Amino acid sequence: MKTKLTSHLVHSAESGFSLLEVMISAVLLTVGSLFLLSVFGLAISTSQASQQDLIARQLASDAMESIFTARNTSQLSFAQIQNVASGGIFANGAQTLLCAGPTYGIVGVAGDTSSCTTAAGTVCPNGGVQCLTEPGPDGVVGTADDVTLSLSNYTRTIAMTQLTTGTPPTPIPTLVQVTITITYTVPNLSAPKNYVLEEYISSYH
Amino acid sequence: MRRAHKLNGGFSLLELMIAAFIGLIVIGGAVSLFTQAMKGSWVTSEKSEMQQDVRAASILLQRDISMAGAGALGQQGLSNNGVGLPTPTSTKSIYPCGPLTCNYISGAPVTYPLSPSGVPTFYSIIPGGGLGIKIGTAAPTDILTIVSADPTLALNCYTASIDSTGTIVTFQLPSPLPGTCVLPSNVTVPQALNDPIVGLQAGDMVLFGTAAVAVVTSAVTTCTPTGTNTACYTVDFAATDISHINQPSITTGSLHQFEGASLTISAVRVLTITYYLDISPSDGVTPRLMRIQNGKLPAPVAENVVNLQFTYNVNNGGTITANLSTLPAGISPAMITQVNIAHLTIRSQLPGTVGYQGFDLQTSISARNLSAEQEYPISGSAY
């Protein structure tokens with residue numbers, strides 16, 4: 001009886017987990033690890049999004065530079081640097097990224113667009129929407145495995161605002177505010193992102 | 001005996017096998033997690049390195065291109081028409097040139113573009129469509145040269161006189177200073193031309209008015225100022241110049257045209273910057289974006305750049321043409337109003353490795369100093 005008691009006590013003190021307990025904890029650990037895996041995926045897609053941010057920045061500065069070029073060369077009258085709704089030439093609202101047309105050579109002009117081409121000179125997919133030519137797995141441009149990345153998930157809005165001064169506000173005829181908004185969708189993020197470039201353009205060169 | 005056995009009893013074989021199996025699954029999961037994490041961190045670091053390269057390259061390119069024709073250069077007429085170089089029969093002027101050689105691009109130097117009248121001309125923007133190296137089987141890449149005035153040296157405060165051989169120029173600092181003299185900010189007196197940092201050095205390009213470009217060929221020496229002048233320097237523009245711009249035997253486009261004359265127009269130092277691709281000599285594989293400034297050794301800007309293509313918007317007397325990859329007959333580089341980076345394609349590390357990615361930068365840069373000049377050509381004025 002004494003021996004039996006001792007044996008019971010020792011056994012109880014050194015008792016481990018049952019197989020069932022171990023299996024349950026293993027399953028829990030696996031599920032937890034799977035969540036960790038999805039975090040890595042998120043990290044990668046976030047770094048992918050940073051690339052999209054870089055593209056958006058370049059697209060915005062691209063449009064702004066061409067507006068400045070047009071102003072500097074007096075190719076446009078200052079009154080033309082307005083949206084169509086205000087008597088200018090720039091399309092109202094969000095536009096897909098088509099390339100500059102033959103008349104003005106500026107992006108975002110209503111009715112003056114052309115198809116973009118790849119590095120190889122073929123028309124970009126999705127109706128000629130601006131596309132990037134990446135070198136593909138072999139690291140060389142101009143081979144069969146080149147990757148064409150269409151920027152069809154981007155739109156560009158060029159909005160001009162007439163600035164005013166004093167009370168009652170009177171328009172400043174020599175100064176216009178230009179707001180370029182690039183809206184784009186990134187994978188794993190349901191809401192579209194925006195990149196906004198705001199600049200002022202004066203009628204003086 | 002039986003009790004003792006029970007007390008010290010281990011696992012049964014079945015239990016051990018189940019436990020080992022579960023342990024294996026758990027370890028396997030951990031290993032795959034680790035591998036995924038390693039792969040993820042590799043892909044991310046590759047991507048960030050690639051983006052750093054793109055950013056460095058695009059910022060430098062955009063800054064340089066937006067400076068094309070800037071400074072005294074524009075006012076001295078370079079932006080509108082360019083400066084005619086000597087027109088020799090054999091040794092043509094070439095670029096880009098470092099201190100030792102001009103063979104930086106594809107092993108062969110490039111000659112300056114011809115003006116509509118057939119004269120080799122020094123323009124603010126010199127397009128080089130298809131003049132770069134070929135990477136793989138693709139079409140040849142482009143090169144681009146941008147010229148702007150160097151604002152760090154007040155060379156325009158000096159008067160220049162050229163000796164009878166057309167190779168030695170004596171710069172004197174008049175007192176009072178001429179109206180053309182514009183000092184860099186925070187500088188109160190024009191710097192000495194033999195200053196070791198901002199002074200003239202062999203390989204520097206100097207623009208004389210609108211009429212000539214010359215290349216310094218040796219160190220600046222001092223001389224005794226005459227009259228009311230307060231400083232005197234002698235600068236050699238000898239025919240030994242490796243870019244063959246100094247050609248004293250030819251009158252047109254060389255300093256020969258000014259022989260013995262004391263120039264009333266000021267001189268200015270210009271920076272000539274060329275972008276091109278090369279293959280890194282250290283491994284013979286990695287393509288790099290290179291930037292060379294006249295007289296200096298080329299410097300790498302970004303590695304793994306596999307394509308470089310530019311297009312140009314031009315204004316030909318009010319007619320705009322956009323996205324020209326090469327300028328057709330009748331369109332001169334002086335008509336360029338905007339430079340478009342059509343493709344600056346970059347890749348991450350070597351092909352075929354894990355995390356291999358590519359990126360293509362496309363943007364435009366207004367040649368501000370040129371496009372405003374086209375409407376307001378200022379002749380004879382400095383600044």
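**Reading the labels in the model**

Analyst: Chain A has a mean pLDDT of 86, with 93% of its residues reaching 70 or more, and because this is a predicted model, such values state the predictor's confidence in each residue on a scale from 0 to 100. For chain B the mean pLDDT is 84, and 89% of its residues reach 70 or more. The model as a whole scores ipTM 0.82 and pTM 0.86.

User: Which elements of chain A have the lowest and the highest mean pLDDT?

Analyst: Helix 1 of chain A, residues 2–13, has the lowest mean pLDDT among the elements of that chain, at 51, whereas strand 1 of chain A, residues 94–96, has the highest, at 94. In chain B, pLDDT stays under 50 over residues 376–383, although the model has 13 contacts beyond four places in sequence for that stretch. Where pLDDT is low, the predicted coordinates should not be read in detail.

User: What makes up the contact between the two chains, and how many residues does each chain give?

Analyst: Chain A contributes 46 residues and chain B contributes 52 residues. On the side of chain A that touches chain B, helix 2 (19–72) and strand 4 (131–134) of chain A each supply at least two residues, and helix 2 of chain A provides the largest share, 24 residues. Sorted by class, that side of chain A holds 21 nonpolar, 21 polar and 4 charged residues.

User: Why is helix 2 of chain A called roughly parallel to helix 2 of chain B?

Analyst: The two helices, the one in chain B being residues 13–66, pack at an angle of about 10°, and their axes are 10 Å apart. Angles under 35 degrees count as roughly parallel, and therefore helix 2 of chain A is described as roughly parallel to helix 2 of chain B. The residues of this helix-to-helix contact divide into 18 nonpolar, 11 polar and 1 charged.

User: How do you know that V178(A) is buried?

Analyst: V178(A) has 20 C-beta neighbours inside 10 Å, and a residue is buried if 20 or more other C-beta atoms lie within that distance, so V178(A) counts as buried. V178(A) is placed in strand 7 of chain A, residues 170–186. Leaving aside neighbours within four places in sequence, V178(A) is in contact with M64(A), I67(A), I158(A), M160(A), E199(A) and I201(A). Q162(A), which is 16 residues away from V178(A) in sequence, is 9.1 Å away in space, C-alpha to C-alpha.

User: What makes N304(B) buried, with which count of other C-beta atoms, and what makes N323(B) partly exposed?

Analyst: N304(B) has 24 other C-beta atoms within 10 Å and is therefore buried, since the cut-off is 20 or more. N323(B) has 18 other C-beta atoms within 10 Å, and because a count between the limits of 12 or fewer for exposed and 20 or more for buried is called partly exposed, N323(B) is partly exposed. N304(B) is found in the loop between strand 16 (299–303) and strand 17 (305–316) of chain B, whereas N323(B) is placed in strand 18, residues 319–324, of chain B. Neither is a glycine, yet N304(B) has a positive phi of about 65° and N323(B) has a positive phi of about 55°.

User: Which peptide bonds of chain B are cis, and what are their omega values?

Analyst: One of them, from Y95(B) to P96(B), has omega near -15°, and P96(B) lies in the loop between strand 2 (94–95) and strand 3 (110–111) of chain B. Another cis bond runs from S175(B) to P176(B), with omega near 0°, and P176(B) lies in the loop between strand 8 (168–173) and strand 9 (205–208) of chain B.

User: Which residues touch the most other members of the largest nonpolar core?

Analyst: That core has 88 residues, and those touching the most other members are A68(B), I125(B), F208(B), V213(B), A214(B) and V305(B). Strand 14 of chain B, residues 267–279, gives the most to this core, with 8 residues. Apart from it lies another core, of 36 residues, including I81(A), Y104(A), C131(A) and Y154(A). Of the 383 residues of chain B, 44% count as buried, and chain B has 5 helices and 20 strands.

Methods. Residues numbered from 1 in each chain as written. Chains lettered and ligands numbered in written order. Predicted model: local features only at pLDDT ≥ 70, side-chain atom pairs only at ≥ 80, totals over all residues. Contact = placed C-beta atoms within 7 Å. Helix = DSSP H or I, 4+ residues; strand = E, 2+ residues; numbered from the N terminus. Nonpolar A, V, L, I, M, F, W, Y, C, P; charged D, E, K, R; others polar. Axes fitted to C-alpha atoms, helices over the stretch in contact; angles between N-to-C directions. Parallel < 35°, antiparallel > 145°, perpendicular 65-115°, else oblique. Core = buried A, V, L, I, M, F, W, Y, C linked by C-beta atoms within 7 Å.
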